Amino acid sequence: MSQSVCILGVTGSIGQSTLKILQQHPEEYSVFAVTAHSRIVELVEICKQYRPKIAVVPFNKVDELRRLLVAKKLTDIEILHDEAGLIAVAEHPQVDVVMAAIVGAAGLLPTLAAAKAGKRVLLANKEALVMSGDIMIQTARENNALLLPVDSEHNAIFQCLPETYLQGERHGQPKLGVKQILLTASGGPFLHHSLEQLQSVTPAQACKHPNWSMGQKISVDSATLMNKGLELIEACHLFAVEEQFVTVVVHPQSIIHSMVQYVDGSTLAQMGNPDMCTPIAHALAWPKRIQTHVPPLDLFVHSQLNFEQPDIQRFPALKLARQAMKAGGLAPTILNAANEIAVAAFLHEKIGFTQIPQIVEHVLGQVENSAANNIDVILHADKSARMVAEKAVLNSGS
């Protein structure tokens with residue numbers, strides 16, 4: 001029986017990779033709903049090819065989308081808008097699988113809605129777990145939802161762990177013979193830049209990742225290593241371990257996607273070519289495996305694999321993320337909000353590259369941390385942190 005898929009963020013790189021997998025398995029999966037933020041022309045082409053029942057866009061794009069759909073004679077596609085529309089498709093009773101691929105805090109409420117509705121949630125939006133990890137995991141558990149990681153690193157860890165490990169009861173000591181999680185990082189495009197060189201890098205340089213094709217925001221996060229910091233927080237929630245049991249390992253080739261060390265001396269690694277279609281297909285079909293177009297790894301071509309420790313002096317974002325996870329409560333939400341504002345400011349050339357972690361650290365010191373008891377408290381902290389970060393950006397230019 002075919003499964004209905006809702007793709008939140010269909011025009012992004014993860015959304016596009018998801019469509020590639022679905023296209024290979026038309027008997028098993030169909031596209032029920034798609035969402036996009038600004039690429040309306042691309043969305044229309046997707047609607048033409050996959051014929052979803054519902055499309056969701058911001059309110060100010062509804063007229064444009066409707067006009068283009070009419071021109072293509074696609075008048076049977078229902079149009080919803082804004083956050084309410086995103087939530088409606090994420091929890092829709094006809095949806096079996098939700099690909100949560102909206103970038104940033106905007107993906108939090110739709111992802112939570114999917115978990116509350118008991119869906120199979122393919123989690124590509126790491127910010128949803130960073131901001132509301134305990135609530136998200138608890139909601140999934142209470143509603144028999146399945147949260148399956150799509151980030152290549154977390155998917156790799158998932159593949160290297162016993163199946164019963166995912167979404168444990170609480171953060172603590174590793175269990176089932178696990179000693180520690182080794183979270184790999186490519187190191188980004190500036191791995192060997194000096195501090196002095198980092199001060200003058202441009203947005204274009206930061207967005208040119210050596211191994212992966214990604215959106216602007218995640219590319220900058222990868223360059224600052226904040227992406228790895230957010231992934232560290234995500235790993236703690238997904239696999240129910242304290243931050244001290246997650247070690248970041250810089251691995252420039254991006255062939256080993258992450259590893260798990262066991263108490264008997266074993267280290268299990270998941271390897272593959274750097275293509276997001278592999279973890280997407282794994283999460284989509286788990287516990288089965290389905291075919292992708294990704295070629296198998298040629299070990300004779302990739303004959304050398306390097307590993308090194310991250311330099312937190314040059315890349316302090318990783319240290320800030322670890323401290324936020326250790327502090328708990330609202331600290332990860334504050335970290336994430338400040339980073340989103342700082343990265344946007346860098347992309348618009350309002351601040352320099354090395355000012356991104358400086359602004360994040362400033363905001364962490366300014367916004368009060370307390371227990372993340374409910375979504376309203378989390379969203380309020382997110383809003384407060386953004387205001388403080390925006391002020392810091394303005395002051396940095398004066």
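This is a predicted model: local features need pLDDT of at least 70, side-chain atom pairs count only at pLDDT 80 or more; totals for chains, interfaces and linings use all residues.
A helix here is a DSSP run of type H or I with at least four residues.

**The nonpolar core**
- The largest nonpolar core comprises 135 residues.
- Leu 65, Met 99, Leu 335 and Phe 353 have the most contacts inside this core.
- Helix α14, residues 331–347, gives the most to the core, contributing 10 residues.
- In soluble globular proteins, nonpolar side chains tend to be buried together.
- Beyond its neighbours within four places in sequence, Met 99 has contacts that include Cys 6, Ile 7, Leu 8, Ile 14 and Thr 18.
- Leu 122, Ala 124, Val 150 and Ile 280 are also among the contacts of Met 99.

- His 282 counts as buried because its relative accessibility is 7%, and the cut-off for buried is under 20%.
- With neighbours within four places in sequence set aside, His 282 is in contact with Asn 155, Phe 158, Gln 159 and Arg 289.

**The second largest pocket**
- The volume of the second largest pocket is about 320 Å³.
- Its lining has 21 residues, of which Gln 270, Thr 278, Arg 289, Thr 292 and Val 294 are the closest to the centre.
- Helix α12 supplies the largest share of this lining, four residues.
- At least two lining residues come from each of α7 (152–160), β11 (267–271) and α12.
- By type, the lining consists of nine nonpolar, 10 polar and two charged residues.
- Arg 289 belongs to this lining and is also in contact with His 282.

How values were computed. Residues are numbered from 1 along each chain as its sequence is written. Side-chain values use heavy atoms; hydrogens and water are left out. A nonpolar core is a set of buried Ala, Val, Leu, Ile, Met, Phe, Trp, Tyr and Cys residues joined through side-chain atoms within 4.5 Å. Buried means under 20% relative accessible area, exposed over 50%, partly exposed in between (1.4 Å probe, protein chains only). Contact means heavy atoms within 4.5 Å. On a 1 Å grid over the protein atoms alone, a cavity is a set of points where a 1.4 Å probe fits but cannot get out, and a pocket is an open set with protein on both sides within 12 Å along at least five of seven lines; lining residues have an atom within 4 Å of a point. Grid points are joined across faces, edges and corners, and a volume is the space filled by probe spheres set on the points. Ala, Val, Leu, Ile, Met, Phe, Trp, Tyr, Cys and Pro count as nonpolar, Asp, Glu, Lys and Arg as charged, and the others, Gly among them, as polar.
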